[in-house]
Amino acid sequence: MFRSAIVSRLRLLSSNPNSSILSSSSLNLINHQLNNVTDDRDYVIKNKTRSSSSASYNVSSGGYMRGTVFWEPNKPLTIEEFHMPRPKAGEILIKTKGCGVCHSDLHVMKGEIPFSSPCVVGHEITGEVVEHGPLTDIKITRRFPVGSHVVGAFIMPCGNCFYCSKGHDDLCEDFFAYNRAKGTLYDGETRLFLRDSRKPIFMYSMGGLAEYCVVPAHALSLLPDSLPYTESAILGCAVFTAYGAMAHAAEVRPGDSVAVVGIGGVGSSCLQIARAFGASDIIAVDVQDEKLQNAKTFGATHTVNAIREDAIEKIREITGGMGVDIAVEALGKPQTFLQCVQSVRDGGKAVMIGLTQSGAVGEVDINRLVRRKIKVIGSYGGRARQDLPKLIRLAETGIFNLSNAVSRKYKFEEANKAFDDLNKGNIVSRAVVEIA
């Protein structure tokens, strides 16, 4: 393993104090490093040693894996064989356990959001650490030892850009410049190559709908044994997006009134986060009765079917004629964008988190926006290094109910069916593809 090679080299150098390439301070540093370098097998997570190692996956000798490829809009995904992806410095190879089924992937698959193709979709994952990239910082290898279980956030911060240095991981320059713009990681290259042709395949985030994926370490957080392995995948996008909207954009405070328009995987997560933050009136708005009934288990105090009732008028009625402090649009439609803005009280916040077809435009009443001090705020997701550990803790303590949040599971070979069901509105909250 790479760590073993480092240890051997350091010991060789440190045993020769007359070496012309080493100063006395360098020798002291080497000895300090030797004392701190340990084998992966020595790592223990919560007093439980895992027996898995990279050797058990035949990683060092190469090997192959399967991944689900999107080729062109409105065509089925296909399962292809890939060379085993290789992590680089600061990256970790993950054996994928679960991958969430998200509308963002569906937008790409329908050609509504431009993205490099062919690509492997899937961007919220859980899995097991298999290998660290060469020259990865020892703090990272210690934090994520081989065999540990992790959850990955879809916004994968580089940790070094202008925004990451200020703690705004959700605005990471490299993530948008390389991954979202080019389908690569931050050296401008993909990690995915087809087995037979070695054709490069692009990555939507980490390209999680595959048996293995490479993830920048800053996007990962340890997953405790107490949480369900597969269901926890939704922490990386559905819950992560909801938390970013509620904590950073809306800044929900105890006693706030909140309306959520669109009660899918992200919208239902918004309800749970709003409840966790102490919101008073929590209003769920949708057009499907089953989703509205489900919303009550997630914390909704009121539900509104927007087909049978005027949602704006109903929200005002519930709030004594004022409108809500915070309205969240989680659907990504121009009409619900306007509905969201019109639902807030004077001085209120309308938070937009739903993606839509590229080029779509939302309308807003400019005079009301100006005169009534309405705030319209976009929010793409949370901040991986700060927020993901908090979400895991919320789930671990039961404040966020993961089991109820996942309504369906699919096998790896059923990925097309999963996205077809999502497109038809047949998934009540969130679905997860179980890969391993």
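The paragraphs below go through a predicted model, beginning with a sheet and moving on to backbone features and a surface patch.

The sheet is open and has five strands in the order E2-E1-E4-E8-E7, with mixed pairing. Its edge strands are E2 and strand E7 (192-193), each of which pairs on one side only. Strand E1 covers residues 64-70 and strand E2 residues 78-83, and six bridges join E1 to E2 in an antiparallel arrangement. Within this pair, Arg66 has Glu81 in E2 as its bridge partner. On the way to E4, two bridges link E1 and E4, which likewise run antiparallel, and here Phe70 stands opposite Cys119 in E4. Cys119 also stands opposite Phe202 in E8, where two bridges join E4 to strand E8 (residues 200-203) and the two strands run parallel.

The backbone deserves a separate look. Most residues other than glycine have a negative phi, and most peptide bonds are trans. Against that background, a cis peptide bond joins Ser117 and Pro118, with omega at about 0°. Pro118 belongs to the loop between helix H3 (103-109) and strand E4 (119-120), and E4 is the strand in which Cys119 stands opposite Phe70.

Two further residues have a positive phi although neither is a glycine: Asn74, at about 60°, and Glu251, at about 50°. Asn74 sits in the loop between strand E1 (64-70) and strand E2 (78-83), the two strands joined by six bridges. Is Asn74 buried or exposed? With 59% relative accessibility, Asn74 counts as exposed, because the cut-off for that class is over 50%. Glu251 is placed in the loop between helix H7 (238-249) and strand E11 (258-261), and at 36% relative accessibility this residue counts as partly exposed.

The last stop is on the surface, where Val364, Ile366, Val370 and Val376 form a nonpolar patch with about 350 Å² of accessible area together.

Key. Residues numbered from 1 in each chain as written. Predicted model: local features only at pLDDT ≥ 70, side-chain atom pairs only at ≥ 80, totals over all residues. Heavy atoms only, no water. Helix = DSSP H or I, 4+ residues; strand = E, 2+ residues; numbered from the N terminus. Buried < 20%, exposed > 50% of the residue type's maximum accessible area, 1.4 Å probe, protein only. Pairing = 2+ DSSP bridges. Patch = residues over 30% accessible without salt bridge, like charges linked within 9 Å, V, L, I, M, F, W, Y side chains within 5 Å. Areas by Shrake-Rupley, 256 points an atom, 1.4 Å probe, with all protein chains shown as cover. Salt bridge = Lys/Arg side-chain N within 4 Å of Asp/Glu carboxyl O.
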